[in-house]
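Trainee: Please take me through the aromatic rings in this model, and then through the parts around them. I would like one connected account.

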Amino acid sequence: MEEVLQQHTFEIITEATAFQVDITPHSEKNGIFTYKLTMTGDGDFMPAPVTLRWKTLGLNAKGIWKPTTDFNKRIMADWELDHMESRISVDSPVIGVFGHDDQNVITFACSDAINTTRLNTLYREEDNYLYSHITFFPERHHSISSYETFIRIDESKRHFSNCLKDVAQWWAGFDHLKPSHTPELAKVPVYSTWYNFHQELDTKVLLGECTKAKELGYELIILDDGWQTNDSNRGYDYTGDWRPERIPEMAEFVKEVHHTGMKIALWYSVPFCGKESDAYKRFEGKFLTEEHRWAPVFDPRYPEVREYLIDLYKNALLDWNLDGFKLDFIDEFKTYGNTKLTMENGRDFSSVNEAVDRLMTDVINTLHAINPNCVIEFRQKYVGPAMRKYGNMFRAFDCPGDAVMNRIRIADLRMMSGTTATHADMFTYHPTEGLEQKSLQLINSLFGVPQLSIKLSEATPEEINMLRFYTQYWNENKSTLLEGDITPFNALGNYPIIKAVSTGLTVIGVYDKQVVSFEEETIQVDILNARIGEGIVLESTKDYGDYICLVQNVEGATVHQTTIHIQKGITHIAVPSCGIIRLKRA
């Protein structure tokens, strides 16, 4: 059936007969439309797949933005059936189509960030239209009495990133998606043990690293996998009990870390319960699956399972005086093939997604009742609008040694995360790499919170200078780099230029050989030459006048300082590879 609503003609596709689907206009302002979709029946009904589809004329369409498509932001044809899935712990229910000038073509989103939906925008060759759709209840679901959600369609002609940032703000306005407070500790550079130590953790070595990291400007250490077991097989057979086998005097170790001036967070793989653990025997029959390739997965629909997990973190916070947690693998809480979607045998939820919401809500409330500044890190893909309720640090998914991917994921996260702190994946590199190449791993992460995973005790003096310089630069300018208004340019080109603006300062990261459009009104403009290659070229449409120009190299040493005139046309500024240009109005 079809129904004309304001500007859009919707097609509702379903084989369901047990309930009725309606969509009605809700609001319209400045090219942004919202609609209310409802499903109702005579009584309780079992939801079946319902697809809402509409079309947009395919004008100026260059690519399609989705939360975690990374390099793959191309337009898809309608015969391609690989749709994006969103649920409480995977991605976000939003898609944006951007033009050749970075202008928004259409950005649409759904307010239901808890249940599973499938979304896409596809190009149809027969008529050259873009067909967008949202499919509700694409997987098995328990019976419900009614359903309601809102659809937001933005066709305003502005930079696509502004449309995405507005979606994040729109989600945050719903009571069931209100974000958690982000403490200052979530916005400090992090030293991570993962890439540099993996599970081979030695407390004396770690304390030495903490001292060195603190001197460079890092404030928090995340103790990753390995602290809880002496098993070093990179598996999860022994997870579930979370006793500090490798660091038995955990409270004392935390105290010593605090003496270095660092805070500390511990890693937990939340859903996994290894078959070698005592917890596996205790919770027999209370798993979503035992056939997972890594370990059985706890079923959070059992109140005793939720209580057990919450107590693990609460007791660790109290007993060891921790400052935060890295809670991993939340996305593995999902409906598996043999999952029964009923409330029976002690389960107080039938929906896995709703049980995850209950679990994580109780986790964050319990921890923040003890320490309101406790930090919680999640990583992609469990960084959607619902996850903002429980976490205050969202980290780019693992991309060791891949500076470009780190930059892309940070930019994608920044547009979706609002005030939740966006963190880079831990940067790492081979010790024999050249200094400039090493620095690219850090410079590409500067528009998020840097996370370092390098053995500082083995770093060269030049390397230490580089790390100190750029970490100090980030600390001095994080109000712009992390909290300023960010604009990533050219999504299909992997964001070769990223700009962040705050009162008084603009920071421009140039990651490829590009001409930079200079249209800055702030007193200070910093330009990162974040590439292997000398010189930056500016193009301006008007005369901006004189600037005091300070140029520094990768170690922070001054290369030269002079006064330059930025005029209408082209201005070339000499700067070494991975150096920085700092312009201040004369």
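Trainee: How many aromatic pairs does the structure hold?

Mentor: The structure holds 34 aromatic pairs. Rings of Phe, Tyr and Trp (its six-membered ring) pair if their centres lie within 6.5 Å; planes under 30 degrees apart are stacked, over 60 edge-to-face, and the rest tilted. This is a predicted model, in which local features need pLDDT of at least 70 and side-chain atom pairs pLDDT 80 or more, while totals for chains, interfaces and linings use all residues. Residues are numbered from 1 along each chain as its sequence is written, and side-chain values use heavy atoms, without hydrogens or water.

Start with W54 and F108. Their ring centres are 5.0 Å apart and their planes stand at 80 degrees, so this pair is edge-to-face. Helices (H or I, at least four residues) and strands (E, at least two) are DSSP runs, numbered from the N terminus. W54 has 2% relative accessibility and counts as buried. F108 is buried too, at 0%. Buried means under 20% relative accessible area, exposed over 50%, and partly exposed in between (1.4 Å probe, protein chains only).

Now take F283 and F298. Their centres lie 5.6 Å apart with planes at 85 degrees, so they are edge-to-face. F283 is in the loop between α5 (278-282) and β17 (287-289), and F298 is in strand β18 (residues 297-298). F283 is buried at 2%, and F298 at 1%.

Ring pairs also build a cluster. W227, Y236, W242, W267, Y268, F272, W294, Y313, W320, F325 and F329 are linked in this way.

W227 and F325 return in the largest nonpolar core. This core has 126 residues, and W227, F325, L327 and F378 have the most contacts inside it. Helix α6 (residues 303-320) gives the most to this core, with 9 residues. A nonpolar core is a set of buried Ala, Val, Leu, Ile, Met, Phe, Trp, Tyr and Cys residues joined through side-chain atoms within 4.5 Å. Leaving aside neighbours within four places in sequence, the contacts of F378 include L327, M360, Y390 and F394. Contact means heavy atoms within 4.5 Å. A second, separate core of 32 residues includes I64, V105, I151 and I153. In soluble globular proteins, nonpolar side chains tend to be buried together.

R152 lies in strand β13 (residues 144-154). R152 is buried but has no salt bridge; D154, the nearest side chain of opposite charge, is 4.0 Å away. A salt bridge puts a side-chain nitrogen of Lys or Arg within 4 Å of a carboxyl oxygen of Asp or Glu. Lys and Arg count as positive and Asp and Glu as negative, while His and the chain ends are not counted.

Finish with the backbone. The peptide bond from Q380 to K381 is cis, with omega near 15 degrees. K381 is in the loop between β20 (375-379) and β21 (393-395). H198 is not a glycine, yet has a positive phi of about 50 degrees. H198 lies in the loop between α2 (194-197) and α3 (203-216).
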